[in-house]
Amino acid sequence: QVQLAESGGGLVQPGGSLRLSCAASGRIFSVYAMGWHRQAPGKQRELVAAITSDGSTNYADSVKGRFTISRDNAKNTVYLQMNSLKPDDTAVYYCSALIRTTITTTDTYWGQGTQVTVSS
């Protein structure tokens, strides 16, 4: 059993900042790529940022220069620092992680989602 626990969402004014956290726990052999996705009402879920186990990152064009993804491998935790937030960033944010749970089993796990609302 593997669980991803997210925290850090909330209501923030335009131009403000939030930091999301997502910790993986359970029967974990290795954690590979981790990422953050978001889904706004009426829209498809989209990748926001991803990070490999060795720290390589990639970002959606809409968040480049404003969001920073990072991870703490010792804690199996991924973070998303969000600065200069815009109303268009309003969405439910989900973390994901590619995790090896046995010698032969690797699956993608998802967090439950955390609401981020950017509004004045």
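User: Which residues touch the most other members in the largest nonpolar core?
Analyst: Trp36, Leu80, Met82 and Tyr93 do, in a core of 30 residues. A nonpolar core here is a set of buried Ala, Val, Leu, Ile, Met, Phe, Trp, Tyr and Cys residues joined through side-chain atoms within 4.5 Å, and buried means under 20% relative accessible area, exposed over 50%, partly exposed in between, with a 1.4 Å probe and protein chains only. Bear in mind that this is a predicted model, where local features need pLDDT of at least 70, side-chain atom pairs count only at pLDDT 80 or more, and totals for chains, interfaces and linings use all residues. Residues are numbered from 1 along each chain as its sequence is written, and side-chain values use heavy atoms, leaving out hydrogens and water.

User: What does Leu80 contact?
Analyst: Leaving aside neighbours within four places in sequence, its partners include Leu18, Leu20, Trp36, Val48, Phe67, Ile69 and Tyr93. Contact means heavy atoms within 4.5 Å.

User: Switching topic, how many disulfides are there?
Analyst: The count is one, taking a disulfide as a pair of cysteine sulfur atoms within 2.5 Å. Cys22 and Cys95 form it, with their sulfur atoms 2.0 Å apart. The pair links distant parts of the chain, from Cys22 in strand β3 (residues 18-26) to Cys95 in strand β9 (residues 91-100), 73 residues apart.

User: Is that pair's handedness left or right?
Analyst: The link of Cys22 and Cys95 is right-handed, with 45 degrees about the S-S bond. Both Cys22 and Cys95 are buried.

User: What about Glu6, where is that?
Analyst: Glu6 is in strand β1 (residues 2-7). Glu6 touches both Cys22 and Cys95, among others including Trp36 and Tyr93.

User: Which side chain of opposite charge is nearest to Glu6?
Analyst: Arg45, at 7.8 Å, so the buried Glu6 has no salt bridge, which means a side-chain nitrogen of Lys or Arg within 4 Å of a carboxyl oxygen of Asp or Glu.

User: Which backbone nitrogens does its side chain reach?
Analyst: The Glu6 side chain reaches the backbone nitrogen of Cys95 at 2.6 Å and that of Gly113, also at 2.6 Å.

User: One last thing: why does Pro41 count as exposed?
Analyst: Because its relative accessibility is 74%. Pro41 lies in the loop between β4 (30-39) and β5 (46-51). Pro41 and Cys95 are 18 Å apart in space, C-alpha to C-alpha, and 54 residues apart in sequence.

Key: Helix = DSSP H or I, 4+ residues; strand = E, 2+ residues; numbered from the N terminus. Lys, Arg positive; Asp, Glu negative; His and termini not counted. Polar contact = N/O pair within 3.5 Å; in protein donor to acceptor, adjacent residues only side chain to side chain.
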